[in-house]
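Q: Can we go through this model together? I'd like to start with the strands.

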Amino acid sequence: MAEHMLDSIDKALLNIIQGGFPLKAEPYEELGRMAGVSGDEALSRVRRLVEAGVVRKVGPFFDARKMGSASTLCAVHVPPENIEHVASVVNSRPEVTHNYQRDGVPNLWFTVIAPSKEAIGEVISDICERAGICRVHNIPASKMFKVKVDLKVE
């Protein structure tokens, strides 16, 4: 769905759900009220935006640290001919939240959230063994400065 296909109601819904999804028994009724449409129309529009790939996910965003989990950023350099295989191995782990190919060295970056630092080590070891890579840079954050961003849709 191209940007020009978003009407003012779609844009209003996108702006609302990024940071203020109603935590109510009937959230789409409230969302629709906030955007000036019915709850059914709000739900239908959000579903359409998800199906079109404009919205990747509607769900909660947890603070892993506050839940007692550990997280880390990982980086690995993969020869271009192996990038799809290694990315698929990385993506097969449910503990991996993001996985990006980037230019430069290293060229594959991913994040891992697990119950403990030891569990993260086990995930990384499994990825190394199954993907045939011998070194993953494990870069846990020492301090978190910002996580959230809302993109104003105009």
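Q: How many bridges join β1 to β3?
A: Seven, and the two strands run antiparallel. A70 has A114 as its bridge partner in β3. Strands here are DSSP runs (E, at least two residues), numbered from the N terminus. Two strands pair if DSSP finds at least two bridges between them.

Q: And how does β1 pair with β4?
A: Antiparallel again, over three bridges, with β4 at residues 137-139. There, C74 is bridged to N138.

Q: Is β1 mostly covered or open?
A: Mostly covered, with five of its seven residues buried. Buried means under 20% relative accessible area, exposed over 50%, partly exposed in between (1.4 Å probe, protein chains only).

Q: What should I know about the source?
A: This is a predicted model: local features need pLDDT of at least 70, side-chain atom pairs count only at pLDDT 80 or more, and totals for chains, interfaces and linings use all residues. Residues are numbered from 1 along each chain as its sequence is written, and side-chain values use heavy atoms, without hydrogens and water.

Q: Switching to rings. How many aromatic pairs?
A: One, for Phe, Tyr and Trp rings (six-membered for Trp) with centres within 6.5 Å. F21 and Y28 sit edge-to-face, 5.5 Å centre to centre and 80° between the planes. Planes under 30 degrees apart count as stacked, over 60 as edge-to-face, the rest as tilted.

Q: Why does F21 count as partly exposed?
A: Because its relative accessibility is 25%.

Q: Which charged end sits over the ring of Y100?
A: That of R102, 5.2 Å from the ring centre. The rule wants NZ of Lys or CZ of Arg within 6 Å of the centre and within 35 degrees of the ring normal.

Notes:
Helices (H or I, at least four residues) and strands (E, at least two) are DSSP runs, numbered from the N terminus.
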